[in-house]
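User: I'm new to this structure and would like to learn how to read it. Could you take me through it one feature at a time?

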Amino acid sequence: MNGNIPRKIHIIGSVGSGKTTLARNLSRKYSIPYYELDNVVWKRHEDEDIRRSDEERDNLLNEIMSSDRWIIEGAHNHDWVSKCFHNAEIIIFLDTPYVVRIIRIIRRFILQKLGVEKANYTPTFKIFMRMFEWNAGFEKKSKPKILDMFRQDKMKSLIIKDNRRIDQYLNEV
């Protein structure tokens, strides 16, 4: 593994920004385990997902962060995730263009309904429509808060529009 690659990486971005794909690719390439924050919040069951209690969620996140190498990805920027931001050696903000995210949400839904792409949840039309709401909300509310957090807290962050050149970015960090 390249010694320049951070060992604790937090990836944040909207629905359809490419967080999971980037986390999976970095995990595979650099042998760093990755975790989805949605799976920290939810206990996945075949019939129905069950939301963890705040205590269970926080304990699970603390357990993940206590390891010496991790990639954590998610759209969450709530208070309970702030410790993850502060423990990360770098925060990658995938600021993928809005239209690209819309196209990815549509494509993902079609592929999941066809059974070509796996989902951690049951891909219902209701969730599909909610993804558009989450995407718009992220753009209007979360994105400004994240950028402000980077400025105020002087966190080591990387803002990218396209994750295809991620290795080049990480080697420059």
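## Pockets, rings and the fold

User: How much space lies in the second largest pocket?

Analyst: About 180 Å³ of space lies in that pocket. Keep in mind that this is a predicted model. Helix 4 (residues 82-87) and helix 6 are the elements that each give two or more residues to its lining.

User: Which residues lie nearest the centre of the second largest pocket?

Analyst: Look for Asn77, Asp79, Phe85, Lys145 and Met149, picked out from a lining of 13 residues. Helix 6 supplies the largest share of that lining, with 6 residues. Sorted by class, the lining has 4 nonpolar, 5 polar and 4 charged residues.

User: And how much space lies in the largest pocket?

Analyst: That one holds about 1,700 Å³ of space. Its lining counts 49 residues, and those nearest the centre are Val15, Asp38, Tyr121, Met131 and Trp134. The elements giving two or more residues to this lining are helix 1 (19-30), strand 2 (34-36), helix 2 (37-41), strand 5 (70-74), helix 5 (98-113) and helix 6 (125-153).

User: Which element gives the largest share of the lining of the largest pocket?

Analyst: Helix 6 does, with 8 residues. The class counts for the largest pocket are 14 nonpolar, 16 polar and 19 charged residues.

User: How many cavities of 30 Å³ or more does a search of the whole structure find?

Analyst: The idea to hold on to is that a pocket is open, while a cavity is a space a probe cannot get out of. The search of the whole structure turns up 1 cavity of 30 Å³ or more. The volume of the largest cavity is about 40 Å³.

User: Which residues line the largest cavity?

Analyst: Its lining is made by Arg108, Phe109, Gln112, Tyr121, Pro123, Thr124, Ile127, Phe128 and Met131. Helix 5 and helix 6 are the elements that each contribute two or more of the lining residues. By class there are 6 nonpolar, 2 polar and 1 charged residues.

User: Let me zoom in on glutamine 112. Is glutamine 112 buried or exposed?

Analyst: Burial is read from relative accessible area, and under 20% means buried. Glutamine 112 has 9% relative accessibility, so it counts as buried. You'll find glutamine 112 in helix 5. Setting aside neighbours within four places in sequence, glutamine 112 is in contact with Glu117, Lys118, Ala119, Tyr121 and Pro123. Tyr121 and Pro123 also turn up in the lining of the largest cavity, as does Gln112 itself.

User: Now the rings. How many aromatic pairs does a search of the whole structure find?

Analyst: A pair of aromatic rings is described by how far apart the centres are and by the angle between the planes. Searching the whole structure gives 5 aromatic pairs. Take phenylalanine 93 and phenylalanine 150: their ring centres are 6.4 Å apart and the planes meet at 70°, so this pair is edge-to-face. Phenylalanine 93 sits in strand 6 (residues 90-94) and phenylalanine 150 in helix 6, so the pair ties together parts 57 residues apart in sequence. Both phenylalanine 93 and phenylalanine 150 are buried.

Another edge-to-face pair joins phenylalanine 128 and phenylalanine 132, at 5.0 Å centre to centre with 75° between the planes.

User: Why are phenylalanine 128 and phenylalanine 132 separated by about one helical turn?

Analyst: Because they are 4 residues apart in helix 6. Phenylalanine 128 has a relative accessible area of 11%, so it is buried. Phe128 and Phe132 also belong to one aromatic cluster together with Phe109 and Phe125.

User: Time to step back. How many helices and strands are in the protein chain?

Analyst: There are 7 helices and 7 strands. Along the sequence they run β-α-β-α-β-β-α-β-α-β-α-α-β-α. The radius of gyration is 16 Å, close to the 16 Å from the globule rule for 173 residues, so the chain is as compact as a globular protein of that length. The C-alpha trace spans about 40 × 35 × 30 Å along its principal axes.

User: What share of the residues in the protein chain is buried?

Analyst: Buried residues make up 39% of the 173. As for contacts with a separation of 6 or more, 69% are between residues 24 or more positions apart.

Technical notes: Residues numbered from 1 in each chain as written. Predicted model: local features only at pLDDT ≥ 70, side-chain atom pairs only at ≥ 80, totals over all residues. Heavy atoms only, no water. 1 Å grid on protein atoms, 1.4 Å probe; cavity = no way out; pocket = protein on both sides within 12 Å on 5 of 7 lines; lining within 4 Å. Points joined across faces, edges and corners; volume = space filled by probe spheres on them. Nonpolar A, V, L, I, M, F, W, Y, C, P; charged D, E, K, R; others polar. Phe/Tyr/Trp six-rings, centres within 6.5 Å; stacked < 30°, edge-to-face > 60°. Buried < 20%, exposed > 50% of the residue type's maximum accessible area, 1.4 Å probe, protein only. Rg over C-alpha atoms; globule rule 2.2 N^0.38 Å. Contact = heavy atoms within 4.5 Å.
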